[in-house]
Amino acid sequence: MSSLRNAISRRAHKERAQPSSRKKFGLLEKHKDYVVRAKAFHKKEETSQANKYTQEELMLMKTQDIGYILQKLQSERKKIEKLTAVLHSVDNHPSNRHIYYAEDREEARELQSQASESRVTPPSGDIPDHIKRKTAASYRELEARNSRVNQLEKLYMEMSLKKELQKKGRKRKLREDELVCPTSKPVYKWRSERKR
């Protein structure tokens, strides 16, 4: 009997196709597709190394990152100082002050008149174009460096706050009504611990 049952051809039941109204969403995932996707997901999950580092190693890495940001911040500040010094010396022509000693009031007036005649400042039209372009480029560079310093300061503050929050000790975030000076950034308060 069983041999006859196997001899009769039966209809192969197929999984349903994607309905025509949902063709825009692509192929309908079949069970075999789901199995392949689930196996791949679990394989990745097993090999993921999220907890590869210990808490101390993570803290050390954060300290190194903060140190790098601080180093960059200091180097940018030094470059800004140099640029501003150069630009101030270009813009503000140093007045050469010579001290003249006069015997009497007439000689003093004469020396003053000579100094005022020689102290005529050159008009800005006499400056060549290439120098004007260089000073304009230097001012643009100064502005870019100032914005970079501001970004680095924000990043440094955020990273140091995150590092402090990872340390041991009880802390809590202050509510709006508890703040003395309201800010948009969160403010934390640590519980005072007695050091032995």
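Before the first click, one cut-off: a residue is called buried under 20% relative accessible area, exposed over 50%, and partly exposed in between. Keep in mind too that this is a predicted model.

Start with the whole chain, coloured by secondary structure. Of the 196 residues in the protein, buried ones make up 10%.

Now select helix H3, residues 55-91, and pick out Leu58 inside that range. Leu58 has 34% relative accessibility, so this leucine counts as partly exposed.

Is Ile80 buried or exposed? It counts as buried, because its relative accessibility is 12%, and the cut-off for that label is under 20%. While you're there, draw a distance from the C-alpha of Ile80 to the C-alpha of Arg145: the two are 65 residues apart along the chain, yet the separation is 6.8 Å.

Last stop, the second largest pocket. Select Met157, Glu158, Ser160, Leu161, Lys162, Lys185, Pro186 and Val187 to see its lining. The volume of this pocket is about 230 Å³. Colour the lining by residue type and you'll get four nonpolar residues, three charged and one polar.

Conventions. Residues are numbered from 1 along each chain as its sequence is written. This is a predicted model: local features need pLDDT of at least 70, side-chain atom pairs count only at pLDDT 80 or more; totals for chains, interfaces and linings use all residues. Side-chain values use heavy atoms; hydrogens and water are left out. On a 1 Å grid over the protein atoms alone, a cavity is a set of points where a 1.4 Å probe fits but cannot get out, and a pocket is an open set with protein on both sides within 12 Å along at least five of seven lines; lining residues have an atom within 4 Å of a point. Grid points are joined across faces, edges and corners, and a volume is the space filled by probe spheres set on the points. Ala, Val, Leu, Ile, Met, Phe, Trp, Tyr, Cys and Pro count as nonpolar, Asp, Glu, Lys and Arg as charged, and the others, Gly among them, as polar. Helices (H or I, at least four residues) and strands (E, at least two) are DSSP runs, numbered from the N terminus. Buried means under 20% relative accessible area, exposed over 50%, partly exposed in between (1.4 Å probe, protein chains only).
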